[in-house]
Amino acid sequence: MLKKIFTLFAILFLISGVTLAAQQSEKNSGDGQNALNAPVFDATKNLTSQEIKSLTEKIRAVEKKHDIKIGIEFLRSINTSNVASAADSLREQHFSGAANGSTLFLVVMSSRDWYISLDPKLNQIVLDPEKIGEQVSAKLHDGNYSGACETFISEIDTRVTYYETNGKAYDPSEKFNFAAMGGAIVIAIFLGWFIRASLIASMSNVQHAAEASDYLKRDSVKITESNDTYLFTNVSRRPKSKSSGGGGGSSGGSGGAGGKF
């Protein structure tokens with residue numbers, strides 16, 4: 001009888017231990033205290049467990065879609081003032097190995113620094129990390145940390161998709177803005193009308209005439225002889241110099257952008 005009771009207590013103890021371990025594992029994952037090579041690592045408690053879960057799902061979908069690696073890390077502090085170097089090092093350690101490149105969005109709360117690190121492959125695709133940085137920095141400044149992460153993921157997805165579809169990097173300057181063109185036309189028409197009206201108003205000594213000859217001042221000019229004489233034409237040709245060098249380009253190394261919020 002005692003043996004059965006002992007066995008029953010042992011089983012209950014084992015079940016309780018497994019349950020507590022599972023709950024603790026889930027809690028650690030939700031709080032962001034997961035392994036550094038997980039898609040989202042938050043040591044600052046700025047992201048809720050639900051936000052971490054949602055961001056992780058979005059990252060996994062984009063990674064699978066493009067065969068890239070995406071990381072987001074919120075750290076309390078780092079042991080260097082060079083945030084770019086720290087971000088590159090963390091990306092290489094925890095988010096390398098994807099066929100089409102990797103990127104890391106690092107936020108350091110103690111110094112309020114952020115940095116987007118790109119490996120050489122993604123650096124050739126994402127030409128304007130500064131533009132992405134402007135958007136995420138504004139959200140970080142407002143305390144919208146989850147929104148900043150979502151913007152980062154979405155912008156990386158947009159640029160890689162564009163590259164895969166068009167065979168070239170996304171360049172916002174090439175996007176034609178019809179609204180801007182319409183505004184420019186309206187402004188040009190108004191400005192032209194205003195200048196014309198001002199010039200007409202300033203010519204108070206000019207009046208309409210019935211005939212073209214009325215614009216001439218009578219007997220002011222007397223032409224007695226008309227003669228045109230062609231002398232010669234002097235043509236000088238000089239060879240056009242050729243450019244001896246080309247423009248600069250990407251060195252093919254890693255890149256990124258950063259700042260404070």
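A polar contact is taken here as a pair of N or O atoms within 3.5 Å, one able to donate a hydrogen and the other to accept it. In the predicted model, the side chain of D42 meets this criterion with the backbone nitrogen of K45, at 3.2 Å. A polar atom of the D42 side chain also lies 2.9 Å from the backbone nitrogen of N46. D42 itself belongs to strand β1, which covers residues 40-42. Although D42 is buried, it has no salt bridge, and the nearest side chain of opposite charge, that of K45, is 7.4 Å away.

The protein contains 7 helices and 5 strands, arranged from the N terminus in the order α-β-α-β-α-β-β-α-α-α-α-β. Of its 261 residues, 30% are buried. Among contacts with a separation of 6 or more, 63% are between residues 24 or more positions apart.

The largest nonpolar core comprises 30 residues, and I72, F74, F105, L140, F152 and I156 have the most contacts inside it. Two or more residues are given to this core by each of α2 (49-66), β2 (69-75), β3 (102-108), β4 (113-118), α5 (129-141) and α6 (145-166). The largest share, 7 residues, comes from α6. Beyond its sequence neighbours up to four places away, F152 touches I70, G71, I72, T103, L104, F105, I116, I132 and V136. A second, separate core has 11 residues, including F41, A43, L104 and L106.

Helix α6 has 22 residues and reaches 32 Å from its first C-alpha to its last, close to the 32 Å expected at 1.5 Å a residue. Just after α6, G167 adopts a positive phi of about 75°. Within the helix, R159 and E155 lie 4 residues apart, about one turn, and form a salt bridge whose closest N and O atoms are 2.4 Å apart. R159 counts as buried because its relative accessibility is 4%, and E155 is likewise buried, with a relative accessible area of 16%. The side chain of R159 also makes a polar contact of 2.8 Å with that of D128. D128 is placed in the loop between α4 (120-123) and α5, and its relative accessible area of 8% makes it buried.

The structure holds 8 salt bridges. One of them pairs E150 with K58, with the closest N and O atoms 3.2 Å apart. This pair links distant parts of the chain, since E150 is in helix α6 and K58 in helix α2, 92 residues apart. E150 is partly exposed, at 32% relative accessible area, and K58 is also partly exposed, at 37%.

Helix α3 (residues 83-94) has 12 residues that should span 16 Å at 1.5 Å a residue, and the separation of its end C-alpha atoms, 16 Å, agrees. N82 caps the N-terminal end of α3, with a side-chain oxygen 3.3 Å from the backbone nitrogen of A84. Buried positions in the helix are V83, A86, A87, D88, L90, R91 and H94, and the elements covering them include β2, β3 and β4. D88 and R91 form a salt bridge at 3.8 Å, N to O. Because D88 and R91 are 3 residues apart in helix α3, about one helical turn separates them.

Note on methods: Residues numbered from 1 in each chain as written. Predicted model: local features only at pLDDT ≥ 70, side-chain atom pairs only at ≥ 80, totals over all residues. Heavy atoms only, no water. Buried < 20%, exposed > 50% of the residue type's maximum accessible area, 1.4 Å probe, protein only. Lys, Arg positive; Asp, Glu negative; His and termini not counted. Salt bridge = Lys/Arg side-chain N within 4 Å of Asp/Glu carboxyl O. Core = buried A, V, L, I, M, F, W, Y, C linked by side-chain atoms within 4.5 Å. Contact = heavy atoms within 4.5 Å. Expected span 1.5 Å × (residues − 1).
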